[in-house]
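Please take a moment with the sequence and the model shown here, and then follow the paragraphs below, which go from the overall fold to single residues.

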Amino acid sequence: QVQLVESGGGLVQAGGSLRLSCAASGRTFSTYAMGWFRQAPGKEREFVATINWSGGSTYYADSVKGRFTISRDNAKNTVYLQMNNLKPEDTAVYYCAAAHHVGKGYDDWGQGTQVTVSS
């Protein structure tokens, strides 16, 4: 199991940018695929982006493609989500997650960080 702690959320105007960070404990971080998800009030949690263990492969939800970038630094046990051109509909609690095994879902979740985009 790995502990995940998100940070970097906040209040930003539409069109602005934020960078979320997710710090992971443990020596196995570099072997895990990592993902970002979000949950808006009254809505189900939805997938945002994922990155493989090496950082060489990424995948995005259509709603954020071209605006968000997921990256990781295995030396720092950290995964990032750079969010540009933010829209009010991006307002949500953002969670990072770790997948121990490819294709078997996410095993560990952080507590989330709030992102609020004002119009």
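## From the fold to its salt bridges

This is a predicted model, in which local features need pLDDT of at least 70 and side-chain atom pairs count only at pLDDT 80 or more, while totals for chains, interfaces and linings use all residues. Residues are numbered from 1 along each chain as its sequence is written, and side-chain values use heavy atoms, with hydrogens and water left out.

The protein has zero helices and eleven strands, where helices (H or I, at least four residues) and strands (E, at least two) are DSSP runs numbered from the N terminus. Read from the N terminus on, the elements therefore run β-β-β-β-β-β-β-β-β-β-β. The radius of gyration is 13 Å, close to the 14 Å that the globule rule gives for 119 residues, so the protein is as compact as a globular protein of that length; the radius is taken over C-alpha atoms, and the rule is 2.2 Å times the number of residues to the power 0.38. Along its principal axes, the C-alpha trace spans about 40 × 25 × 25 Å.

Of the 119 residues, 44% count as buried, a word that here means under 20% relative accessible area, whereas exposed means over 50% and partly exposed lies in between (1.4 Å probe, protein chains only). The protein exposes about 6,300 Å², and carbon and sulfur atoms supply 48% of this area, which comes from the Shrake-Rupley method with a 1.4 Å probe; for residues, only the protein chains shown count as cover. Among contacts (heavy atoms within 4.5 Å) between residues at least 6 apart in sequence, 53% join residues at least 24 apart.

A49 counts as buried because its relative accessibility is 0%. Leaving aside residues up to four places away in sequence, A49 touches M34, G35, W36, Y59, Y60, I70 and L81.

Which residues pair through opposite charges? The structure holds four salt bridges, each being a side-chain nitrogen of Lys or Arg within 4 Å of a carboxyl oxygen of Asp or Glu. One of them joins the side chains of E46 and R38, at 2.6 Å from N to O; E46 is partly exposed, with a relative accessible area of 37%, while R38 counts as buried at 6% relative accessibility. Another links D62 with K65, whose closest N and O atoms are 3.0 Å apart. In that pair D62 is exposed, with a relative accessible area of 68%, and K65 is partly exposed, with 47%.

The side chains of D90 and R67 also meet in a salt bridge, at 2.7 Å from N to O. D90 lies in the loop between strand 8 (78-83) and strand 9 (92-99), and R67 in the loop between strand 6 (58-60) and strand 7 (68-73), so the pair ties together parts that are 23 residues apart in sequence. Both partners count as buried, D90 at 1% relative accessibility and R67 at 9%. Salt bridges that share partners join R38, E46, R67 and D90 into one network.
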